Amino acid sequence: LKPCWLKSHSRGGWQRIRHEAAAMSFSYSPSFFQHFPKYHAPHLKPGQEHVDPLDTLKPQCLVHCSSWLSEYNQCVTRISMRTDGKGDCKGQFEELTMCQDHCIAHEIFGHMK
């Protein structure tokens, strides 16, 4: 490590002091997180895998939000036909995801154990 020089006010005057930069005391290595055992939920039997309820709720809620989905698909079709490369469907996508999130929020707690 390279030393750095700092000026410090001491007894009415400035003086130069040498300061060594300290080494980090923790690891930033990505391999640090690869040695933990896989989490196994206590309510599941050994060998039984956890099924994410979102995987079943997202398609169901997408059916519930079919009007927003069709509006988003129409926008995508409109934008893909443009040749100038302008425009996007962020607004329609945002409305679709808000509708889907709202539907999921009402249903998700029924799947909690």
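**Reading the helix contacts**

Tutor: Start with handedness: H1 crosses H3 in a right-handed way. A crossing is right-handed if the near helix is turned clockwise from the far one by less than a right angle, and left-handed if anticlockwise. Keep in mind that this is a predicted model, where local features need pLDDT of at least 70 and side-chain atom pairs pLDDT 80 or more, while totals for chains, interfaces and linings use all residues. Residues are numbered from 1 along each chain as its sequence is written, and side-chain values use heavy atoms, without hydrogens or water.

Student: At what angle do the axes of H1 and H3 cross?

Tutor: Two packed helices are described by the angle between their axes and the distance between the axes. Here helix H1 (residues 53-64) and H3 cross at roughly 125 degrees, and their axes come within 9 Å. The axes are lines fitted to C-alpha atoms over the stretch in contact, with angles from 0 to 180 degrees between N-to-C directions. H1 is therefore oblique to H3 (under 35 degrees is roughly parallel, over 145 roughly antiparallel, 65 to 115 roughly perpendicular, the rest oblique).

Student: Which residues of H1 and H3 meet?

Tutor: From H1 you have Leu54, Leu57, Lys58, Cys61, Leu62 and His64, and from H3 Leu96, Cys99, Gln100, Cys103, Ile104 and Glu107. Contact means heavy atoms within 4.5 Å. Sorted by class, the contact of H1 with H3 holds eight nonpolar, two polar and two charged residues (Ala, Val, Leu, Ile, Met, Phe, Trp, Tyr, Cys and Pro are nonpolar, Asp, Glu, Lys and Arg charged, the others, Gly among them, polar).

Student: Is Gln100 buried or exposed?

Tutor: Gln100 of helix H3 counts as buried, with 13% relative accessibility. The cut-offs are under 20% relative accessible area for buried, over 50% for exposed and in between for partly exposed (1.4 Å probe, protein chains only). Setting aside neighbours within four places in sequence, Gln100 contacts Lys58, Cys61, Leu62 and Cys65.

Student: How do H2 and H3 pack?

Tutor: Their axes lie 9 Å apart at an angle of about 160 degrees, so H2 and H3 are roughly antiparallel. The crossing of H2 and H3 is left-handed. H2 brings Trp68, Leu69, Glu71, Tyr72, Cys75 and Arg78 to the contact, and H3 brings Gln92, Phe93, Glu95, Leu96 and Cys99. That contact of H2 with H3 has seven nonpolar, one polar and three charged residues.

Student: What does Gln92 touch?

Tutor: Not counting residues up to four places away in sequence, Gln92 touches Glu71, Tyr72, Cys75 and Arg78. Gln92 is buried at 18% relative accessibility.

Student: How many aromatic pairs does a search of the whole structure find?

Tutor: One. Rings of Phe, Tyr and Trp (its six-membered ring) pair if their centres lie within 6.5 Å; planes under 30 degrees apart are stacked, over 60 edge-to-face, the rest tilted. The ring centres of Tyr72 and Phe93 are 5.6 Å apart with planes at 55 degrees, so this pair is tilted. Tyr72 sits in helix H2 (residues 66-81) and Phe93 in helix H3 (residues 90-107), so the pair ties together parts 21 residues apart in sequence. Tyr72 is partly exposed at 23% relative accessible area, and Phe93 is partly exposed at 43%.

Student: What pattern does the chain follow along the sequence?

Tutor: It reads β-β-α-α-α, with three helices and two strands. Helices (H or I, at least four residues) and strands (E, at least two) are DSSP runs, numbered from the N terminus. Of the chain's 113 residues, 13% count as buried.
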